[in-house]
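Please look over the assembly shown here with its chain contacts, helix packing and backbone geometry in mind. The briefing that follows takes up these topics in turn.

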Amino acid sequence: MPLDNAPDSKRKYNVVGTRPLRPDGIDKVTGRAKFGADATAPGQLVGRILRSPHAHAKIRSIDTSKAEKLAGVKAVITRDDFPDHTDGDSGLYDTMYNIMAREKALYEGHAVAAVAATTPAIARQALKLIKVDYEVLPHVTDVDDAMKSNAPVLNNKMFTDGVDPKPKKASNVARRFEFGHGDVEAGFKRADIIVERSFKTEATHQGYIEPHAALASMSPDGSAELWCCTQGHYMVRDVCARILGIDISRLRVTQSEIGGGFGGKTTVFIEPVALALSRKANRPVKVVMTRDEVFKATGPTSATSMDIKIGVTKDGLITAADGTFRYTGGPFAGCSPAEFGAMSAFAQFHLDNVRAIGYDVLCNRPKTISYRAPGAPMANFAVESVIEELAHKLGMAPIDFRIKNAAREGTRSSYGPVYGQIGLGATLEAAKNHPHFKAPLGPNQGRGMAAGFWFNFGGQSCVSLNIPIDGTITVSVGSPDIGGSRASMCMMVAEELGIGYDQVRAIIADTSSLGHNDVTDGSRTTFATGMACILAARDAIKKLCARAAATWGIPEDAVTWEKGYAKPAGANAGNFQPLSLKEIAAASPGTGGPIAGHHEYSADGAGVSFATHICDIEIDQETGASKIVRYTVIQDAGKAVHPSYVEGQFQGGAVQGIGWALNEEYIYGKDGRLQNAGFLDYRIPVCSDLPMIDTMILEIPNPGHPYGVRGVGETSIVPPLAAIANAVAAATGVRFTQLPMSPPRILKGIEDAKASGAKKAA
Amino acid sequence: MAKVIVWGSLKPHTGGKTTVEIEARNVQELLARLGETYPGLQNQIKRGVSVSIDGLIYREGWLEPLKPDSEVFLLPRMQGG
Amino acid sequence: MSGIKVNTKINGDPVEFMCEPDETLLDVLRNRLNLTGAKEGCSTGDCGACSVTVDGRLTCSCLVLGAEAEGHNIGTIEGMAHGEELHPLQKKFIEHAALQCGVCTPGFLIAAKSLLDKNPDPTETEIRFGLAGNLCRCTGYDKIVRAVQDAAKDMRKSNSRKGA
């Protein structure tokens, strides 16, 4: 439900917009904060998982008898320990299949068995004693290969959904999506210039530094506790309970501090396994993934193959845009974000004729899971590369070409709905006027830019706010704090109550203490859970005013709340000394007992988000090595609650995008095995690779939030891929259509261009 | 009657139309009638849809009221990172 | 079980522990001594989340055996603050919002302290290379570098006051 109380643009904030210290700061700089792997329980066992060495294999049988006999082994589990309780829910069935293979192992690293033992050494030894009889099957990891008619089919019951007529032959194409409006063919006929290009991007991993960890304790009576690092402990509770066939209320999940997620911790992997081991052993069991397991069996995002065609008139108006987006989803249907890629690809433009077709494609890779603005960065890379090329062909400055065709209020978006107030134009204008845009470039340097979009959403949140007798505040929220959200929650509550930030403390409640909260995803927490905090504070204010009214013997509506005090609403209400929050709280035992505010809802009206990025890159023409020399992020935040953490989201997203553009990739061998499952060979950006990342926060209020807040977490990863590709093209004169643009690939591009130039000259 | 626009690949289930008109007071009613009129859409509705009503996206919000002239887009269920 | 008895000093305190021959110092710290500030991000020395000092030298504790700690001085994040007084780096990391999730933070603080112990006035480039062994996926490093610059400035000021 969108709020009626749209933001008051003249409102002066006391706390929102300042930069206070985060409440969990000291815990996190002293090593005291407890992350997933830091928990222990009395008598806990070590859980370890046996994983498939094959990319695709039928599991004929699993013999665990020798492992079970090993001294110190307390439980061994396989697919047989997960009877199907999913009741026709195909998504849940696939999740269960992913955490423990059933008929087939579908990718290298797919879990096939697990043990719980008294020591790590015994657990390791036990895994070696488990005999799995595999029938190795042909595999496919490349998205284009997987779509070929002769490709090995992963699921012979898979008939492409969304095509007419329904196919008669099973294939790896799970679903086809189509979005758009107008008539693209007619639009292309009106075009003076058309650019058509194909692109490929490799899968990348979210790359959180903390591997998944879970400590489970389950009793034979079906009651259970779980401690784990996740973006959504309510999701973990619901999914685990349903997989294990127990009542949801019997499982209590406590969320540890979380060492990064970026979408990768929005599902379960080891949690149901730890619970099942604990149930069988009747002892607490702790499972912690290794980095190798994280790369092979969690994440990643899709690898893609895309075709883009855009036509323009010679005055620079886009007449038609058409794109095809093929995304890997791993071995299960509906897991790739192909639809979000297709929906977001052209969202930054005002288009009369647009079509985007998405394909969700199965292959023998780990099950694809969300990664920050899922699906959008790769589509944006393809589209914004073509846009830059068109601008050059037109002889127009790319920024002016983008401004001319930018989506604005009233534009029908490429995915359908008509935009309300949006901040794209403002980010483009700000980019054009930014000093970075006019700064001189050095030798071998090039500048690129791109604009990007993400939807943002709200979702379910539940907040409880308690006022102890000294008038300080505790706020219980159910959204895991991944990047400082406790601070923002406290700030919004302090703002509403008119008290100091230091009077408010937020905690992340466990699943038994608070109503359901959706996963921290979709850039929803500061928006949706933050708004629930505001509304819970308003609920508390109502109760505080009622206590003051009762004390004074006047009607409740004759009392108002101002800067931390209850006051008579006007002269008619009577002449009473204002009562402070502290005074009302101190009197609460005698005036009706404890005072608490609550709010629970499903938030909507999140407001879409746009960003424009500018990047300068220097290329060593001899080696192909690249160096980002300057980078600027300009994004609309609606209203920045804690500007430091908003800047942090901008910078972090940009740098993940830089890694994606330049170095990060899943490299598969011919055997379908991942060849770079470690941080040495899967190279995420390090400190010495980068310059400072400049940020500019624009504040175009979101009408769906009382302060105008928009989500900011995801959009920042959308433009970097294209901005960098455009900068590389400017520096080298070569257009790269495949990511990552690693040094060998850039060098080859430069050498090929030289050779074909020499050929032409000859 | 609210105007409902389905994404292109659902066309086979709506007799080739991308826009259909449905009489409904809220999203829940709209989805129910949509499923009754076009049984082929039931699978997708069960799998999860989000809607946009007059430009605003609702991930859930079954009880969201519809105006007689509302423009409703059926969208795949929103997810994020 | 062939346990090895090890005598060492951790954060200045004498510590005696038993460990297996194949057990890393990181495992000993975390699982035997309950010093869980050092984190395991990779176990291959690539991420720096397990950074400690061994006789003042920056080390990935996942690459050292527990038994090798015999007779050495180990420094961990738990020993960085002096009583109630945070180390200037710890203060500046909080002030500059140089952490988001915070899992890499102990490692960065140990690495940054190790850098400033050797070089009290590093350039931005020296800071960036000094911290290149530590991975952070949240911040893009910008605010980390600024926090280290600011802490170095404060530490130089207070050292010169002490000197005078």
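**Helix crossing in chain A**

The crossing of H18(A) and H19(A) is right-handed, a crossing being left-handed if the near helix is turned anticlockwise from the far one by less than a right angle, and right-handed if clockwise. This is a predicted model, in which local features need pLDDT of at least 70 and side-chain atom pairs count only at pLDDT 80 or more, while totals for chains, interfaces and linings use all residues. Residues are numbered from 1 along each chain as its sequence is written, and chains are lettered from A and ligands numbered from 1 in the order in which they are written. Helices (H or I, at least four residues) and strands (E, at least two) are DSSP runs, numbered from the N terminus.

- The axes of helix H18 (residues 643–662) and helix H19 (residues 720–732) of chain A come within 8 Å and cross at roughly 55°, which makes H18(A) oblique to H19(A).
- Axes here are lines fitted to C-alpha atoms, for helices over the stretch in contact, with angles running from 0 to 180 degrees between N-to-C directions; angles under 35 degrees count as roughly parallel, over 145 as roughly antiparallel, 65 to 115 as roughly perpendicular and the rest as oblique.
- On the H18(A) side, A:Ala654, A:Gly657, A:Ile658, A:Trp660, A:Ala661 and A:Leu662 meet A:Pro720, A:Leu721, A:Ile724 and A:Ala725 of H19(A), where two residues are in contact if their C-beta atoms, placed from the backbone, lie within 7 Å.
- The residues of this contact of H18(A) with H19(A) divide into 9 nonpolar, 1 polar and no charged, with Ala, Val, Leu, Ile, Met, Phe, Trp, Tyr, Cys and Pro counted as nonpolar, Asp, Glu, Lys and Arg as charged, and the others, Gly among them, as polar.

**Contacts between chains**

- Of the 2 pairs of chains in contact, chains A and C share the most contacts, whereas no contact joins chain B and chain C, whose closest C-alpha atoms lie 13 Å apart.
- The contact between chains A and C takes 41 residues from chain A and 42 residues from chain C.
- Helix H1 (25–29) and H18 of chain A are the elements that give two or more residues to the side of chain A that touches chain C, and the largest share of that side, 7 residues, comes from H18(A).
- By class, the side of chain A that touches chain C has 20 nonpolar, 15 polar and 6 charged residues.
- The contact between chains A and B takes 32 residues from chain A and 19 residues from chain B, and strand S7 (residues 173–181) of chain A gives the most to the side of chain A that touches chain B, with 5 residues.
- That side of chain A, the one that touches chain B, has 12 nonpolar, 12 polar and 8 charged residues.

**Burial in chain A**

- In helix H17 (residues 581–591) of chain A, A:Leu581, A:Ile584 and A:Ala585 are buried, a residue being buried if 20 or more other C-beta atoms lie within 10 Å of its own, exposed if 12 or fewer, and partly exposed in between, with C-beta atoms placed from the backbone.
- These three residues cover an arc of only 100° around the axis, which puts them on the same side of H17(A); the arc is that of the directions from the helix axis to the C-beta atoms.
- On the other side of H17(A), A:Pro589 and A:Gly590 are exposed.
- The elements against which the buried residues of H17(A) pack include helix H15 (485–497), helix H16 (525–552) and strand S23 (595–603) of chain A.
- H17(A) is followed by A:Gly592, whose phi is positive, near 135°.
- A:Met235, in helix H7 (residues 233–244) of chain A, counts as buried because it has 22 C-beta neighbours inside 10 Å.
- A:Met235 and A:Thr511 are 276 residues apart in sequence and 9.6 Å apart in space, C-alpha to C-alpha.

**Backbone geometry in loops**

- A cis peptide bond with omega of about 0° joins A:Asp164 and A:Pro165, and A:Pro165 has its place in the loop between helix H5 (143–147) and S7 of chain A.
- A cis peptide bond with omega of about -5° joins A:Leu739 and A:Pro740, and A:Pro740 belongs to the loop between H19 and helix H20 (743–761) of chain A.
- B:Asp54 has a positive phi of about 45° although it is not a glycine; B:Asp54 lies in the loop between strand S3 (49–53) and strand S4 (56–58) of chain B and, with 15 C-beta neighbours inside 10 Å, counts as partly exposed.
- C:Ala97, likewise not a glycine, has a positive phi of about 55°; C:Ala97 sits in the loop between helix H2 (88–95) and helix H3 (105–118) of chain C and, with 26 C-beta neighbours inside 10 Å, counts as buried.
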